[in-house]
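Hi everyone, thanks for coming.

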Amino acid sequence: GAERPHRDFLNIADFSPAETFALLDLAERMRTGAYTDRPLAGKALAMIFMKSSTRTRMSFEVGANQLGGTAHFLSPRDVQLGRGEPIPDTARVLSRYVNGIMIRTFAHQDVVELAEYASIPIINGLTDLSHPCQVMADILTVQQHLGDIRGKTVAWIGDGNNMANSWIEAATHLGFALRVACPEGYDPDEAFLADAAERGADVQLLRDPREAVANADVVTTDVWASMGQEEEQAKRALAFALYQVDGELMAHAHAHAIFLHCLPAHRGEEVTAEVIDGPQSVVWDEAENRLHIQKAIMAALMGNVPL
Ligand code: CP
Ligand code: NVA
């Protein structure tokens, strides 16, 4: 068990709704340059990447530095974890050197186990189950362009993957409507859906992308084959053929609707160039907002900044 109590960010619900909105406010002050404190001075973040990354690595590394701290990149080729050193031992050892760990890996349970044996905050930088930092950045982006997320309608088109799961969790706790359109066999995680239903959240699982985008303020999608599913690429391209976000589909959403994509994107597959490079797309702001929201998360978890 843990040597001392610590707070983690493994999923959206690890922060209460009030704390989540406070985090979004803090991130917004970071985005506009109003926040210049250095709550990570003298502190270090370890970053374990068992999968590739451009945005997550750079935004955590630069973000930790901007807050006065340091960040240390660990790839599976370098760390003993990649050669079978147990997760509990890795957690105990890193806890003696650094003040927080960000981890991107396959099985979500590995992150839960890391958190169980660490004595410092653990941040989920993507698992097969969820991608909470990205969805927090996405919500910051929605609020930047459209105002308060509460009362908005978000349409998720395509794979019921880690991003879809974190969107469901966000809708469950933060008070916006979510329409998820997935082909049969590619539904989101059952537990997230069940929790949404139990809490009376406005989350609907649909099959028809047009139905999902009707009245949407936000249209979002993701790759059809996530990291670790590369060998399913061809099968998935067939299954998702009717789920491409193109100009025709966007025309069924509100005229003011914005388009989000966590990136990396595949133009001509899940989204057309016309949409992702078009006037409704805010994907570059979205990528930038990873930096701001993760700085807010690190400030809260590692820098003792009150929310
Ligand atoms: N969106 C996202 O997490 O990007 P990376 O895989 O580049 O980190
Ligand atoms: N669903 C994608 C997101 C990448 C940021 C994946 O897991 O590969």
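**Around ligand 2**

Let's start with ligand 2. The residues around it are Leu126, Asn161, Asn162, Met163, Asp222, Val223, Ser226, Met227 and Cys262. If you sort that shell by class, you get five nonpolar residues, three polar ones and one charged one. Please keep in mind that this is a predicted model.

Okay, let's zoom out. The protein has 12 helices and nine strands. Its radius of gyration is 19 Å, close to the 19 Å that the globule rule gives for 307 residues, so the protein is as compact as a globular protein of that length. Along the principal axes, the C-alpha trace spans about 55 × 45 × 35 Å. And 51% of the 307 residues count as buried.

What about contacts along the chain? Take the contacts between residues at least 6 apart in sequence: 75% of those join residues at least 24 apart.

There's one annotation to mention. An unreviewed UniProt entry marks residues 7–144 as the domain "Aspartate/ornithine carbamoyltransferase carbamoyl-P binding". In the model, that span is 45% helix and 14% strand, and its end C-alpha atoms lie 27 Å apart.

Now for a helix I'd like you to find: α7, residues 190–198. Which of its residues are buried? Phe192, Leu193 and Ala196 are. Looking down the axis of α7, those buried residues fall within an arc of 100°, so they line one face of the helix. Here's the general idea: an α-helix has 3.6 residues a turn, so residues three or four places apart point the same way. Over on the other side of α7, Glu190, Ala191, Ala194, Ala197 and Glu198 are exposed.

And what do the buried residues of α7 pack against? They pack against α6, residues 162–174, and β7, residues 203–206. After α7 comes Gly200, which has a positive phi, near 70°.

Last stop: Thr221, in strand β8, which covers residues 218–221. Is Thr221 buried or exposed? The cut-off for buried is 20 or more other C-beta atoms within 10 Å. Thr221 has 29 C-beta neighbours inside 10 Å, so it counts as buried. Leaving out residues up to four places away in sequence, Thr221 touches Ile157, Gly158, Val245, His261, Glu270 and Val271. As for Ala237, it sits 16 residues from Thr221 in sequence, and the two are 14 Å apart in space, C-alpha to C-alpha.

That's my tour, so over to you for questions.

Note on methods. Residues numbered from 1 in each chain as written. Chains lettered and ligands numbered in written order. Predicted model: local features only at pLDDT ≥ 70, side-chain atom pairs only at ≥ 80, totals over all residues. UniProt positions renumbered as here; feature names shortened; annotations may be inferred. Helix = DSSP H or I, 4+ residues; strand = E, 2+ residues; numbered from the N terminus. Rg over C-alpha atoms; globule rule 2.2 N^0.38 Å. Buried ≥ 20, exposed ≤ 12 C-beta atoms within 10 Å, placed from the backbone. Contact = placed C-beta atoms within 7 Å. Near = placed C-beta within 6 Å. Nonpolar A, V, L, I, M, F, W, Y, C, P; charged D, E, K, R; others polar. Arc of directions from axis to C-beta.
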